[in-house]
Amino acid sequence: MLIKSKKASDVRSSEITSPSVYLDRRRFLQSAAMVGAGAAFGTIAGPALAATEKTRVKLAGVNKTKWTQESLGEKLTDYGSVTRYNNFYEFGTGKTDPADNSNKFMPRPWNLAVDGAVEKPGVYDLEDFLKPHQLEERVYRFRCVEAWSMVIPWVGIPLADVIKRMNPAGNAKYVAFETLKDAKRMPGQRRAVLDWPYREGLRMDEAMNPLSFLVVGLYGEVLPNQNGAPLRLMVPWKYGFKSIKSIVKMTFQEKEPPTSWNMASAREYGFYSNVNPTVNHPRWSQARERRIGDFLKRPTKMFNGYEEEVGQMYAGMDLRKNY
Ligand code: MTE
């Protein structure tokens with residue numbers, strides 16, 4: 001994001017897998033998925049958390065929700081673009097680097113540490129951690145700060161349910177998240193493009209908002225490595241960089257946590273990072289966005305179109321200062 005001189009909104013369609021190449025790959029992948037289906041599971045079991053481009057694994061027992069493609073009334077972004085046009089600097093800074101460089105990454109076994117001001121701190125095996133929860137599908141708009149956007153059918157669990165189960169203390173005003181730091185497994189961390197590990201955070205009311213979602217899959221399948229396997233955040237009214245990938249730690253704390261992009265350039269990236277067409281990035285406008293797959297840009301909506309659900313959390317705040 002920071003180190004790009006070319007505006008990412010100028011994505012040429014040639015940079016995205018063409019439909020025919022994609023269809024061929026898809027045919028191959030479908031047969032791979034059928035082999036993978038032999039390792040299918042009741043809820044989320046062992047092999048499920050280790051999907052790669054070559055082993056797509058369907059997630060079983062995923063409930064539908066009110067956040068459907070029909071209720072959103074927008075077209076889904078094609079699977080090829082969702083999985084081959086990524087930001088995941090741990091695997092390189094180019095858009096196709098994450099897909100190209102993450103296929104050896106093994107997102108299991110995976111531990112998630114929960115610490116700070118919380119009743120149930122501990123290091124949890126991710127599969128045990130997820131077991132009490134029901135997986136659900138939610139189609140959300142996803143708006144990157146680089147002024148491109150997608151519509152993605154995510155699979156996961158409400159963050160609020162996890163937080164209720166962990167039961168934070170009264171002085172826990174924020175929840176901080178960290179990505180795995182392991183340069184052997186994440187080769188992009190050999191370069192100091194960011195101060196590793198990647199960090200993000202939410203205010204507690206934001207984290208408890210019904211829209212906040214912990215993601216383990218997309219398109220009904222286990223989350224591909226390049227999209228943040230095995231566990232990532234999805235906060236649809238905020239710019240995409242808030243949705244931290246490959247999470248290994250959640251900390252409940254009183255103080256606002258430092259966040260990676262704010263540490264890298266505080267002038268450009270604030271803590272809140274709510275999608276706001278009236279506050280421009282210092283280097284480009286946020287008024288419009290290019291939906292990946294579209295030719296023409298469209299106007300960006302306040303809070304990415306989720307104002308009704310989230311606007312009241314920021315009542316009285318100056319969103320020009322708290323960007
Ligand atoms: N999480 C980590 N750990 N590292 C990253 O580089 N990039 C962020 C976010 N989460 C990033 C990350 C940015 S800038 C965006 S736009 C989204 O992931 C991209 O998610 P996607 O590749 O699934 O579209």
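Helices (H or I, at least four residues) and strands (E, at least two) are DSSP runs, numbered from the N terminus. By that count the protein has nine helices and twelve strands.

This is a predicted model, in which local features need pLDDT of at least 70, side-chain atom pairs count only at pLDDT 80 or more, and totals for chains, interfaces and linings use all residues. Residues are numbered from 1 along each chain as its sequence is written, and side-chain values use heavy atoms, with hydrogens and water left out.

**Burial and contacts**

Burial is judged by relative accessible area: buried means under 20%, exposed over 50%, and partly exposed in between (1.4 Å probe, protein chains only). Of the 323 residues of the protein, 56% count as buried. A contact means heavy atoms within 4.5 Å. Take the contacts between residues at least 6 apart in sequence: 73% of them join residues at least 24 apart.

**The core**

A nonpolar core is a set of buried Ala, Val, Leu, Ile, Met, Phe, Trp, Tyr and Cys residues joined through side-chain atoms within 4.5 Å. The largest one here has 82 residues. Trp154, Leu159, Phe177, Leu233, Trp237 and Phe252 have the most contacts inside it. Strand 4 (residues 148-158) gives the most to this core, with seven residues. In soluble globular proteins, nonpolar side chains tend to be buried together.

Leaving out residues up to four places away in sequence, its contacts include Val114, Gly116, Val118, Ile163, Met166, Tyr174 and Met204. Asp115 is also among the residues that Phe252 touches.

**Strand pairing**

Two strands pair if DSSP finds at least two bridges between them. Strand 1 (residues 111-116) and strand 2 (residues 122-125) pair in the antiparallel sense over four bridges. Val114 has Gly122 as its bridge partner in strand 2. These two strands form a hairpin, with five residues between them.

Strand 4 also pairs. It runs parallel to strand 11 (residues 288-291), and two bridges join them. Ser149 stands opposite Arg291 in strand 11. Strand 11 is in turn joined by two bridges to strand 12 (residues 298-299), and that pair runs antiparallel. There, Glu289 stands opposite Arg298. The hairpin of strand 11 and strand 12 has six residues between the strands, and Gly293 in this hairpin takes a positive phi near 105°.

**A buried glutamate**

Glu136 lies in strand 3 (residues 136-143). Is Glu136 buried or exposed? Glu136 is buried, because its relative accessible area is 14%. Its contacts, not counting residues up to four places away in sequence, include Val62, Asn63, Trp67, Trp154, Val155 and Phe213. Glu136 and Ile157 are 21 residues apart in sequence, yet 6.2 Å apart in space, C-alpha to C-alpha.

**Cavities**

On a 1 Å grid over the protein atoms alone, a cavity is a set of points where a 1.4 Å probe fits but cannot get out; lining residues have an atom within 4 Å of a point. Grid points are joined across faces, edges and corners, and a volume is the space filled by probe spheres set on the points. The whole structure holds two cavities of 30 Å³ or more.

Ala, Val, Leu, Ile, Met, Phe, Trp, Tyr, Cys and Pro count as nonpolar, Asp, Glu, Lys and Arg as charged, and the others, Gly among them, as polar. On that basis the lining of the largest cavity has 16 nonpolar, six polar and three charged residues.

| Feature | Angle |
|---|---|
| Trp196 to Pro197, cis peptide bond | omega near 0° |
| Ala229 to Pro230, cis peptide bond | omega about 0° |
| Tyr219, positive phi | phi about 50° |
| Ser273, positive phi | phi near 55° |

Pro197 sits in the loop between strand 5 (174-179) and strand 6 (199-203). Pro230 is in the loop between strand 8 (221-222) and strand 9 (232-234). Tyr219 is in the loop between strand 7 (213-218) and strand 8. Ser273 is in the loop between helix 8 (260-264) and strand 11. Tyr219 is partly exposed, with a relative accessible area of 23%. Ser273 is buried, at 3%.

Key. 1 Å grid on protein atoms, 1.4 Å probe; cavity = no way out; pocket = protein on both sides within 12 Å on 5 of 7 lines; lining within 4 Å.
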